[in-house]
Amino acid sequence: METILLLAHTEPDGTLAKSAFEILGAATSLNSSLAGSKIIAGLVGETVQSAADSIAKCGAVKFLGVAGADFAPSRYASDAAAAEAICRAANASLILAPATARWNRVLPAVAQRLGGHADTHITGIEASNGSISVNRWYYRQRMEASLQRKGRPWFILLEPGSQPAWGGERAPAKMETINVNLPETCKRTTVVGLREPTADAQTIRPDADLLLVAGAGWTKKQADGQPHVKEAEKLILGCLKLARASLGSSKSLVDLSGEGQATLSFLTHLNQIGQTGSTPRHAKGLATCCHGEEPHTVGWRFVNERRAINLDPGCGWARGKADVLYVADAFTVVAKVNELLAEKPAA
Amino acid sequence: MDVDIVCVGFGPATAGFLTTLSRQLLKADGTPAIESTVTPGMPPQILCYERADDLGFGVSGVVTRARGLRETFPDLDPKQIPMAALVAEEKVVYLLDPIGASRRSWTVRAADACLRAFKGLLPLKNDALELPWSPAFLHKTGGLVLSMGQFMQWVGAQIQSTGTVQIWLGTPVSEALIEDRNVVGVRLLDQGVDKQGKPGEGFMPGMDIHAALTVLGDGPVGPVGQQIDAQFGTPENHHSRDWAVGMKFVVDLPENTPLKPGTVLHTFGFPEPEIFGFFYVQPDRIASLGIFVPSWFDSPMRTSYRYLQHWMLHPYLWRYLEGSKLRSWGAKTLGESGRRGEPHLAGNGYARIGEGSGSTNVLTGSGIDEAWTTGTQLAESVLELLKAGKAFTKENLEQSYVSRRRTSWLESEARVAEKSRDGFQKGFVRGMVGMALAGLTNGRLALNGEPVPPYQRIPTLEEYYRGRISPEEIDQLGKECRIKGVSLHSALMQRCGWPAIPYDGKLLVSHQDALLLGGKVQAPPGYADHVVFLYPELCQKCGTKICIELCSGQAIAPGQGGVPAFDREKCVHCGACYWNCSQSVPGNPERMNIAFRAGTGGLHSAEN
Amino acid sequence: MNTAYQIVVCGSIVPDPLQTLEPVTGPAGPALKNEMMLPAVLDPWASHALYEAANFAKHSAGSKVWLVSLGPKAKLQQVMMTVAQKVPFELIALDGPASGFTDAAEVAALLTEAIQSIPGLDKAKLLVFGGWESASRGAGATMQIVGERLGILDQFQGVDELKLNPDGSLEILERIEGGKHQVSRCVSPPALLGWATGNLPEPKNNPQVGMVNMRTAMPALQKAKPVKLAGESLTFKSVSLPKQLRETKIVKDKSADDIAREIVEWIRK
């Protein structure tokens, strides 16, 4: 008999992020396939009532919260104390939480504190015959494993975007608040603020439908024997803006900046997709001037539809890594794409 | 930085050297058996600098009699070394041409016709003849099939675990430090430079490592060996004019393969008579197989990759290979001059070992055992000199190392082999006869044919294709390929009847896929190009551009203004461009127009 | 204010990135096919952590860097011959598996024990570094558990920058959602930082650094403690390679205009 704790943190405005509703979706479906189980909701943040109200009808038997100014920031010590308190109060055996940066930082340690276990970056969860299996990827998304644990409590951190979100009406939820007195040793860190990329360089948009990937080819010499980096920048930024796309990059292009070579001014390591970069989730991906080699394309694991523009018909994309490979000059094609995107779509 | 001994390159010769040396530097109680002169109280400080990014990335699989290896490891158990097996069965196979595109002389064609005419009487199957007998000098009975990569990892780990030797990887030596005709150490390669070697961000000039003894084991195309030859000259009538490039696949054979570990096949006759093939079966259904393309295959279009694929597709081999999967891929240059290419083996402050010291036996086709043995011989000599407190002078090294080498089996067998391949200078059939003569008469007889520098043998495209493709068509195809930035051989081979390769994505893959999936080729940033076209004007007037055709990694491609372009990230450091150049440089008839310098990167597979 | 920091970097080895990886099931659970034959490198994120550690130590006189590494001894030895020329550190080696299929908590327990065994360890000077996740297990859990076991309550993950303020406090940039960074200030050590890529290029090979490192690395490898992981809490039902090959349509002979039109249609779909 599992007690499933949905553990979420609220956003600065007191709401829950989409990823929290996704966890709830997973929790309710798990609950229905496990005999005798129940759901408890646990919330952490500056305020939690409004968030609780937004999930009041999820079927949770209890709503537990840790709230207050001390719990507003994403900080290890306070988050750990809050999560620990809720887990203990709920006496939960399964803790489902969204794999946000905030929870990823703290929950494996909370599992340790409670003598339990934690599995992170979970992309699938199912119960059959009373036993629960979770799926996750190993070796930079190169192989997928299905695993089980007997020990409890078991923390399962689900990847945002991997579960269907729960949807239900708002209603007043009866909140049980847990008082957590944070000792001074937990306040040695202060969150000073957020650093956002500057407005015109805001190139990472995790919610975008399209991922536009720029490869090192953009900065290499073109047919006239000269590199055209400024033009490349203009084309890429134009495309990002017009298609409301997120920007990814190959490692080689990001590395060029470390070498002091001409590169795209708005790129940082954060844009890097692949083995040593990120593995974002987007419905579509368009690779430009990038060879589609294995270490890069492992970062495309969760990009559903993939197209590539490359001058080399034998590049990696041709080897079953893209749905369509356009053998063409990306400078010309993207210029035209931007031109077309700027026009109003036909009704 | 000051050390006692510095080694250049970690191949089998240096491995033999360091294995033997490292065993005798410490007493049983861990105190130095011999003391360092640069850090008193410690054992000698011994460093080895290796260009490749890991142990065993730059070497290749072999079959060897393992005489030298067994002298060092008397209890050698192949089971301890991944991919090693005892030789179980050896066959020499003549492959006929099932396609009709192979370029065969009238003598070979006549022989083929005879074979086909008498096929009822001869064991001719799958367009091949398994020779009922082969001469003993070719046999490796009792020997080992090895992945040199795995062997080098195995032996490298043992050497380093003694704690007396440091093998630094990914660290090329750019040159020897020479003062007053004495070698006093080495200089490492500059880091943080652009393609031309110009200092950039993070520039770090190559450090000087001073040592009483510099051991050169940097192989047949090693830059330091080249520098020493240029500086000190070579013995009279010694020259390195015969070369070959060996290219190989390591594959997973199909599950139902009938081939047993330890099976060794040698082929000749196809895809061209001059191209020899090898097929070694290792444990766990793994096989190493490939071809050698020699410098005396007088084709301006000699390519290894495409020929290797046609070779694999020969019915005799394809029946074993169909359904196989590529695991690893690689290529390397072999110095085929053997003893005739032997440089001065020692000088003040330095000694040369391994393939670059002319140790390869060109008659038996054996190199690893010989290279290893040169290393152990040097180690014994070094220990002798260290214990006697003698300096590493030319005289002392000659009395110990060189004389040890001269009185060993290495020397006597090398002399038998010395002229055994000269017959190939004047054709394949003559070459085979010459080898047989030399082998069977212990070198007393051989067919003459003084080797000429490779560039003198390279015909023009028009000469080579005379009667098959018109000069106008060659010109047209050349233009098309230059626009596409690709090599020309595929177009010309296709035109001569070589069928397209039926890619299957598993074994028959594009050249670039072989680089990535098999060789995992890569290069770190911040280093200069190591392949340099010395006199661009010579490239501009060169009609064949054989460097592009033979490049094992497609790293040399048509470039602007007729000068080929080099892409460091694709280079496997096989060194084939060093001798595949049709232009000699002004003032030096032995040197061609491509410099092959110290560089980083290359293969990232230790299965070769 | 100058503190001599004790920076302990946790980092293991992973297969060289371009290698073909294939899972197999052995007696002790899943493993990589030919695992011992695959060339290895220091985990890329742990490498960044190591370079950042060395850089931080360089700017705080008297600081020292340790690298605690769990992996098969022979492989560790080999990887050291590349890494040890980069930056100065003292190696603490644990001879055990470097597989991605091990449990983060068990690995963390071993690493913690190794850190605690460092003579003269002073928590008031301690900074524990590591990669925010590994390229093998990729869990992003090990470091937190190490921190928890060491009683470090100031932990940061996905770190891209660490700055020392004049008052001795640490300013840390952590990656969060949406391409943003969270800026935090921590009054003083001890702290634990799981690094993302940071901002430093890979250091050049320095033979002198290598010589000095190997004086301690070789003995450390020789006396590396053999360790075993129980692997009892985790059961793998399956490990499989995804069907990753698509039917690629190669469009060769269309004009840029036609291609652009097709792409725009697809984007708008």
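1. Helix H4 (residues 142-150) of chain C is mostly covered, with 8 of its 9 residues buried. Buried means under 20% relative accessible area, exposed over 50% and partly exposed in between, with a 1.4 Å probe and protein chains only. Helices (H or I, at least four residues) and strands (E, at least two) are DSSP runs, numbered from the N terminus. The buried residues of H4(C) are C:Thr142, C:Met143, C:Gln144, C:Ile145, C:Val146, C:Gly147, C:Glu148 and C:Leu150. After H4(C) comes C:Gly151, which has a positive phi, near 75°.

2. On conventions: this is a predicted model, in which local features need pLDDT of at least 70 and side-chain atom pairs count only at pLDDT 80 or more, while totals for chains, interfaces and linings use all residues. Residues are numbered from 1 along each chain as its sequence is written, chains are lettered from A and ligands numbered from 1 in the order in which they are written, and side-chain values use heavy atoms, with hydrogens and water left out.

3. Chain C as a whole contains 6 helices and 15 strands. Its C-alpha trace spans about 65 × 50 × 40 Å along the principal axes. Of the 269 residues in chain C, 62% are buried. Among contacts in chain C with a separation of 6 or more, 75% are between residues 24 or more positions apart; contact means heavy atoms within 4.5 Å.

4. Which strands make up the open sheet with parallel pairing? The order of its 6 strands is S12(A)-S11(A)-S13(A)-S14(A)-S15(A)-S15(C); two strands pair if DSSP finds at least two bridges between them. Strand S12 (246-249) of chain A and strand S15 (249-251) of chain C are at the edges, each with a single partner strand, so one side of each has no neighbour in the sheet. On average, neighbouring strands of this sheet are turned by 20° against each other, direction ignored. Axes are lines fitted to C-alpha atoms, for helices over the stretch in contact, and angles run from 0 to 180 degrees between N-to-C directions.

5. Within this sheet, strand S13 (residues 282-288) and strand S14 (residues 303-310) of chain A pair in the parallel sense over 6 bridges. A:Leu286 has A:Arg307 in S14(A) as its bridge partner. Helix H6 (residues 256-268) of chain C lies across strand S11 (210-214), S13, S14 and strand S15 (324-327) of chain A together with S15 of chain C, and runs at about 160° to S13(A).

6. A further open sheet has 10 strands with mixed pairing, in the order S10(A)-S11(C)-S10(C)-S9(C)-S12(C)-S8(C)-S1(C)-S6(C)-S7(C)-S13(C). Its edges are strand S10 (189-195) of chain A and strand S13 (225-226) of chain C; each has a single partner strand, so one side of each is left without a neighbour in the sheet. Helix H4 (residues 101-113) of chain A packs on the sheet, touching S9, S10 and strand S11 (181-186) of chain C, and its direction makes about 100° with that of S9(C). Strands S9 (residues 155-164) and S10 (residues 170-175) of chain C run antiparallel and are joined by 5 bridges, with C:Glu171 in S10(C) as the bridge partner of C:Lys163.

7. The whole structure holds 30 aromatic pairs over all chains. Rings of Phe, Tyr and Trp (its six-membered ring) pair if their centres lie within 6.5 Å; planes under 30 degrees apart count as stacked, over 60 as edge-to-face and the rest as tilted. B:Tyr316 and B:Tyr320 form an edge-to-face pair, 6.3 Å centre to centre with 85° between the planes. Both residues lie in helix H7 (residues 315-321) of chain B, 4 residues apart, about one turn of the helix, and both B:Tyr316 and B:Tyr320 are buried. Elsewhere, ring pairs link A:Tyr138, A:Tyr139, C:Phe101 and C:Phe236 into a cluster.

8. Where does B:Phe270 lie? The residue is in the loop between strand S16 (263-268) and strand S17 (276-282) of chain B, and B:Phe270 counts as buried because its relative accessibility is 1%. The C-alpha atoms of B:Phe270 and B:His314 are separated by 8.1 Å, although the two are 44 residues apart along the chain. Not counting residues up to four places away in sequence, B:Phe270 touches residues including B:Leu95, B:Pro98, B:Trp311, B:His314 and B:Trp498.
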